Amino acid sequence: MKKTLLPLFLCAYSIASAGDVQRHQDPETGLITWKIQEPGLSLQFIQLMPDYVTAIYSARGLPPSLVKTMASYCVFGTIIKNESDAQLSYRVADWRYVTADGKANPIKTKSEWVKEWRDQGVSFRWSILPDDQTFEPGDWSQGFTTIPLPPESLINLKYTWRHQGEDHEGTLQGLQCAPEQAPGS
Amino acid sequence: MKARCKGFSAHLNRRQAASGRKLRLLSIIALLTMAPVAAQLPLPELSHELTRLSEPIDAPAFQLKDMDGEQYALEDYRGKVVMLNFWATWCPPCRREIPSMEALHQTFKGQAFAILAINEWETEDHVFAFMGQLPVEPTFPILFDPDSEVAQSFGVKGLPTTLLVDRQGKIVYRAVGGRDFNHPEVQEIIRALLPEARGQKK
């Protein structure tokens with residue numbers, strides 16, 4: 001009974017859902033991109049495989065132990081854009097990923113990653129989606145969103161933003177971590 | 001002010017005297033780094049909006065080196081309009097806007113306008129290999145901010161971020177995210193900042 005109820009709970013929780021969501025699967029790689037369109041805001045989450053994450057951080061000269069840590073996370077390329085004619089802001093610390101048990105978990109921020117890298121003697125401070133930004137019209141940004149889950153994990157992602165003095169919230173249902181290897185390989 | 005004639009071409013001539021094998025390896029690394037990103041990230045179109053700051057801010061002073069180790073100081077550009085572009089080779093929108101930056105540089109060649117592209121965290125070798133893959137050859141200075149301290153002093157949170165500094169050394173415009181910089185509206189913004197430069201001779 002509990003096993004049946006949990007997915008129903010997850011669906012019910014996520015009924016306060018995202019705006020217009022488009023899901024696109026790359027025909028060559030099989031990897032999936034979710035694009036969310038909210039009034040004034042667009043958000044994209046792109047599956048990134050562990051091998052790709054490994055390549056990115058190895059090329060940046062991070063030590064093998066840190067590269068391994070990064071690649072162990074579920075990583076999404078994230079693009080966030082202000083498509084309005086007013087200021088828009090976001091704060092990753094307010095976002096949550098919701099797991100199958102219904103628990104809403106905070107997302108590790110760029111500051112937390114940079115501190116972890118610094119503590120290991122690495123001064124690299126880029127690649128992760130900035131903690132927070134205030135966008136003027138036309139501004140946009142990209143970076144990685146990292147979730148400590150294994151490949152192919154399924155979550156709902158709760159995201160928030162502030163626009164024209166009001167706070168907004170949406171939930172992207174069924175966001176899935178990339179597989180270990182490209183489908184079909 | 002020193003004449004700034006150095007660019008990628010001059011650096012390339014020097015590098016061609018160095019090991020060709022090393023250059024080929026670096027080029028392969030650059031391609032491998034670029035290709036997966038290009039395949040996986042569908043990027044927004046490049047718009048052209050620049051936001052005017054409601055209160056201009058003094059641009060922090062800095063000194064950074066280019067590929068040849070030559071020092072560039074922002075204060076040497078006082079009296080000119082300067083576009084500061086913070087970028088990295090692994091940043092797809094950074095790569096996309098380089099051709100428009102070069103076109104803008106050519107548009108205002110000979111006028112009191114300069115572009116300084118400030119690379120974040122990467123090595124000269126890596127950037128050099130990357131430059132060889134571009135469809136255009138940048139002729140504006142590429143400077144290196146290896147510890148990202150200059151970016152931090154300017155409050156840069158994401159790449160690319162572009163700032164326009166006026167003749168008095170104040171930040172007057174900002175853009176976060178890739179842009180088409182050779183758009184007529186961007187040119188107009190720069191022209192509007194230039195007449196003061198033309199009106200006052202040293």
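Mentor: A disulfide here is a pair of cysteine sulfur atoms within 2.5 Å. Keep in mind that this is a predicted model.

Trainee: How many disulfides does a search of the whole structure find?

Mentor: In general, a disulfide is a covalent bond between the sulfur atoms of two cysteines. Over all chains, the search finds 2 disulfides. One is formed by A:C74 and A:C177, with sulfur atoms 2.1 Å apart.

Trainee: Which parts of the chain does that pair link?

Mentor: The pair links distant parts: A:C74 lies in strand β4 (residues 74-82) of chain A, and A:C177 lies in the segment after β11 (166-176) of chain A. The two cysteines are 103 residues apart.

Trainee: Are A:C74 and A:C177 buried or exposed?

Mentor: Both A:C74 and A:C177 are buried.

Trainee: What is the handedness of the disulfide of A:C74 and A:C177?

Mentor: Look at the torsion about the S-S bond. For A:C74 and A:C177 it is about -100 degrees, so the disulfide is left-handed.

Trainee: And what about the disulfide that joins B:C91 to B:C94?

Mentor: Its S to S distance is 2.1 Å. The torsion about the S-S bond of B:C91 and B:C94 is about 80 degrees, so this disulfide is right-handed. B:C91 counts as buried because its relative accessibility is 1%, and B:C94 is buried with a relative accessible area of 0%. The cut-off for buried is under 20%.

Trainee: Let us turn to a helix. Which residues of helix α6 of chain B are buried?

Mentor: First the general idea. An α-helix has 3.6 residues a turn, so residues three or four places apart point the same way. In α6 of chain B (residues 184-193), the buried residues are B:V186, B:Q187, B:I189, B:I190 and B:L193. Seen down the axis of α6(B), these buried residues fall within an arc of 155 degrees, so they line one face of the helix. On the other side of α6(B), B:P184 and B:A192 are exposed.

Trainee: How do I read a whole chain, and how many helices and strands does chain A have?

Mentor: Chain A comes to 4 helices and 11 strands. Its radius of gyration is 17 Å, close to the 16 Å that the globule rule gives for 185 residues, so chain A is as compact as a globular protein of that length. Of the 185 residues of chain A, 53% count as buried.

Technical notes: Residues are numbered from 1 along each chain as its sequence is written. Chains are lettered from A and ligands numbered from 1 in the order in which they are written. This is a predicted model: local features need pLDDT of at least 70, side-chain atom pairs count only at pLDDT 80 or more; totals for chains, interfaces and linings use all residues. Side-chain values use heavy atoms; hydrogens and water are left out. Buried means under 20% relative accessible area, exposed over 50%, partly exposed in between (1.4 Å probe, protein chains only). The arc is that of the directions from the helix axis to the C-beta atoms. The radius of gyration is taken over C-alpha atoms; the globule rule is 2.2 Å times the number of residues to the power 0.38.
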